[in-house]
Amino acid sequence: MNASNSNMRSEDEDGAVEENGIERQAALDRTPQQSNGVKRARGSPVSFNTEEKKDENVTKLRPIQENVESQVEPMKIAVAPESSSVAERAAVEDDPSPIREEEELESAVSKQQQRAQQRDNAESGYSNKARTSEGAHTSLRGGTRRKSQPQQDRRPMFGLPVIAESEGNFPDVGSILGRFFCIGQLGAGTFSSIHKCINLDYFSANDTTKRRLAAAKIELSEFSQSGVLESEAMILEFLHQTLPARTVPVYMGHYKTKDGECAAILMEYLPGQDMHNLRESVMAGAHSRRMNVKDAVYLTADVMLPLLQKMHEVGVVHRDVKPSNVVRSGVDPDDKSFSLVDFGLSKSIVVSADDGMADKEHPWHGKEWLKPRNYEGPACFRKEREKADFRGTSMYASPRVHQLKDYCPRDDVWSVLYVFCDLVSGGLPWMSHAANRDREACQKIKERIHGGNGGADLTAEFLLGDEYHVTQFKNEQKRATGDIKIYKLPEPLAMSRDVAKVEHLRVAFRHVSSLNFWDTPDYALVQKCIKGFLDDESTHPDVKMINWNLQKKTVKKSPESKRVPMLRVMEDVDPVNTEMLDSVENTEKPTSDPNHLDFLRRLPLSMQFRYRQLDRHSIGRGQTPIHVVARAWLALALPLLYEEWDAKKFEEGGHRTSTDGYRRETYLKLLEKCKQIADEFDSFESADWLFHPASEDSRLGEKRKLNPDAKFPLVTITRAVFHLECTLEEEKVKRSPPPVALKFGA
């Protein structure tokens with residue numbers, strides 16, 4: 001995923017508090033009565049229970065009170081808006097790494113680790129014990145533990161971890177986990193980090209993902225027993241296999257090291273921007289935070305809503321809907337598709353009919369759902385919990401989530417409506433309170449605007465504009481301190497006085513507020529209400545439209561292309577280039593693991609990658625096309641043979657010179673690797689890759705057309721092999737270098 005991306009990638013909107021708790025922890029904090037309770041009475045469309053508050057004991061036991069990691073960008077400090085535009089913008093941006101007291105975090109970690117020894121993974125559907133033997137089965141729903149049938153394993157078959165070999169401290173730069181080579185960090189949050197990786201098996205016949213670049217989501221060591229990663233792996237693989245392509249990133253595996261020290265979800269790296277960054281690019285140099293009405297409608301009604309509908313149709317709710325969790329899956333101007341990311345809080349609300357948590361009064365009629373293994377019977381909605389913990393982001397969470405109601409599709413759709421109001425008007429009435437992580441204030445404002453406790457409906461306040469909301473917040477602060485000098489409120493946006501637009505929002509909000517846990521939202525109605533804003537004929541010169549052409553990144557031509565020929569035998573151009581690797585190397589430190597091949601740590605990241613790629617081709621010999629191996633071999637061999645070797649930088653000790661005449665040990669090891677690969681592949685003398693494949697309609701026995709690029713590479717390889725053998729012999733006969741403490745010539 002792009003951290004922009006993973007592919008999970010994401011830069012969050014600073015300040016809109018992410019309070020993503022760990023569901024497994026919360027499940028233990030609920031009593032059986034709380035977990036199994038059902039609340040079916042349909043209240044009035046705009047009725048809110050303001051008296052229901054979160055249990056203090058539950059709050060104390062939660063490992064993290066706010067902003068459980070759902071995004072992974074570097075920390076941004078949210079402050080109360082003053083007068084600067086930067087502070088005002090921070091009021092609606094999610095902060096993925098909230099500031100916390102040190103002792104609170106340590107206490108949370110300690111409590112979480114203690115509880116990890118007492119529970120199975122309540123929502124992942126399988127426990128660590130269940131992975132190795134028939135044992136206690138933990139229900140996917142609600143955290144209630146129960147024994148599985150002795151001869152029946154009901155764990156879902158999604159997201160199961162694979163034990164993988166590793167080298168280096170993955171995810172350090174240059175380290176390896178399975179078939180993935182890490183080239184740098186994309187972002188980090190409270191509980192996890194996202195790293196960009198290269199799939200070394202991309203060209204192998206054994207690889208089914210067909211993705212060269214991947215995003216690795218790593219759970220930080222102090223939270224390695226939380227079960228969040230296992231749950232996310234299960235949800236992501238299920239959605240990837242069930243939903244249409246590009247709805248979610250391609251699932252590439254769930255890997256664990258033998259010692260259990262590292263676990264990672266590998267998924268498709270998404271190169272495009274998320275909606276938050278897309279908005280930032282539009283805002284650059286602009287006075288307003290607003291987006292063009294057409295863009296706001298497209299991003300919510302045509303992108304977010306259909307993506308969530310697909311999830312809901314297979315019984316899964318996202319539970320953290322916001323702009324930064326929707327990432328563009330392409331970069332071409334004509335490709336405006338997006339994918340949903342970050343399923344750390346996502347959860348299935350459907351269970352088997354024989355499950356103790358099944359609400360048999362509300363059967364599930366969908367074709368697909370997250371079934372237990374070997375189960376083909378009917379399904380039901382999970383029983384609605386009488387009380388749940390807060391999940392999501394204060395900026396976009398529905399009032400029902402604030403009131404600790406059980407999360408359902410209604411709340412995802414409610415969040416989409418909040419996102420639309422934020423994009424089209426520039427902000428939300430509680431934006432500054434969200435920036436200050438004041439969840440209670442956010443709840444009160446939401447309930448007041450929606451007419452809670454019999455109050456008037458104030459839907460028009462959603463369209464007043466960000467400047468109005470920020471100024472109003474500043475005046476509230478002044479009044480609280482006794483300051484009588486208040487700021488003059490700016491003129492509200494004209495759309496707040498547009499009766500038709502306000503009514504569109506009112507209809508949509510009344511609909512979602514009337515839904516119960518098991519109800520299916522009327523997506524067409526909500527979409528129609530949002531698209532009602534397209535009737536706006538007014539012009540706003542200060543509001544720019546998205547320039548989709550700017551999203552495409554230009555890739556510089558690699559210097560290697562002058563020496564390494566492109567073998568156009570197949571459409572398999574490698575998306576990895578030297579610039580991509582060198583740009584990471586300038587900002588990331590290489591792995592410090594003593595078990596890592598020491599000599600590789602001193603080399604440029606691009607050279608480390610070429611070495612590792614050849615290693616992988618050697619392991620999978622026969623599975624990779626010969627011309628691909630030849631190209632990778634040339635990429636490492638030609639710079640070694642024809643470019644100057646920086647002995648001071650690459651040889652051990654840092655005391656060497658290129659002309660000292662002593663043997664260059666690191667250089668020798670690289671030459672030996674090139675010689676090994678050349679010998680294993682018979683110096684690439686196979687003639688198969690010199691010709692284009694015959695066309696399907698060619699006559700039997702017809703000779704294939706000669707590849708016009710083949711003659712030069714063949715000559716280049718022949719010369720390189722000969723030069724390699726000569727250079728290797730010359731290097732071997734040289735004397736070993738003296739220790740660092742001694743001077744040459746002494």
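Predicted model: local features only at pLDDT ≥ 70, side-chain atom pairs only at ≥ 80, totals over all residues.
**Entry 1: Phe 684**

I started with Phe 684, which sits in the loop between helix H21 (665-680) and helix H22 (711-732). Helices here are DSSP runs of H or I with at least four residues, strands are E runs of at least two, and both are numbered from the N terminus. Phe 684 has a positive phi of about 60° although it is not a glycine. Is Phe 684 buried or exposed? At 1% relative accessibility it counts as buried. My cut-offs are under 20% relative accessible area for buried, over 50% for exposed and partly exposed in between, with a 1.4 Å probe and protein chains only.

Residues are numbered from 1 along each chain as its sequence is written, and side-chain values use heavy atoms, with hydrogens and water left out.

Lys 210 lies in the loop between E7 and E8, and its 43% relative accessibility makes it partly exposed. I also found a cis peptide bond from Phe 170 to Pro 171, with omega near 15°. Pro 171 belongs to the loop between strand E4 (166-167) and strand E5 (176-177).

**Entry 2: the eight-stranded sheet**

I traced an open sheet of eight strands with mixed pairing, in the order E3-E9-E10-E8-E7-E6-E5-E4. Strand E3 (162-164) and E4 are at the edges with a single partner strand each, so one side of each has no neighbour in the sheet. I count two strands as paired if DSSP finds at least two bridges between them.

Strand E9 (residues 251-257) and E10 run antiparallel and are joined by five bridges; there, Tyr 255 has Ala 264 in E10 as its bridge partner. I then checked which helices lie across this sheet. Helix H7 (residues 228-242) lies across E8, E9 and E10, at about 155° to E9. Helix H18 (residues 605-619) lies across E4, E5, strand E6 (180-188) and E7, at about 135° to E6. For these angles, axes are lines fitted to C-alpha atoms, for helices over the stretch in contact, and the angles run from 0 to 180 degrees between N-to-C directions. Contact means heavy atoms within 4.5 Å.

**Entry 3: strand E8**

How many residues of strand E8 (residues 213-219) are buried? Seven of the seven are, so E8 is largely enclosed by the rest of the structure. On one side I have Leu 213, Ala 215, Lys 217 and Glu 219, and on the other Ala 214, Ala 216 and Ile 218.

E8 pairs with strand E7 (residues 192-199) in the antiparallel sense over seven bridges, and Cys 197 stands opposite Ala 214. Five bridges join E8 to strand E10 (residues 263-268), also antiparallel, with Lys 217 opposite Ile 265.

I stayed with Lys 217, which UniProt lists, in an unreviewed entry, for "binding site". UniProt positions are in the numbering used here, feature names are shortened, and annotations may be inferred rather than shown by experiment. Lys 217 has 3% relative accessibility, so it counts as buried.

Which side chain makes a polar contact with the side chain of Lys 217? The side chain of Asp 342 does, at 3.3 Å. A polar contact is a pair of N or O atoms within 3.5 Å; within protein, one must be able to donate a hydrogen and the other to accept it, and residues adjacent in sequence count only if both atoms are side-chain atoms. Asp 342 is in the loop between strand E13 (338-340) and strand E14 (347-348) and counts as buried at 6% relative accessibility. The backbone nitrogen of Gly 344 lies 3.4 Å from a polar atom of the Asp 342 side chain.

**Entry 4: helix H16**

Last, I looked at helix H16 (residues 523-531), where Tyr 523, Val 526, Cys 529 and Ile 530 are buried. They fall within an arc of 130° seen down the axis, so they line one face of the helix; the arc is that of the directions from the helix axis to the C-beta atoms. On the other side of H16, I found Ala 524 and Lys 528 exposed. The buried residues pack against helix H9 (293-312), helix H11 (409-425) and helix H15 (499-513).
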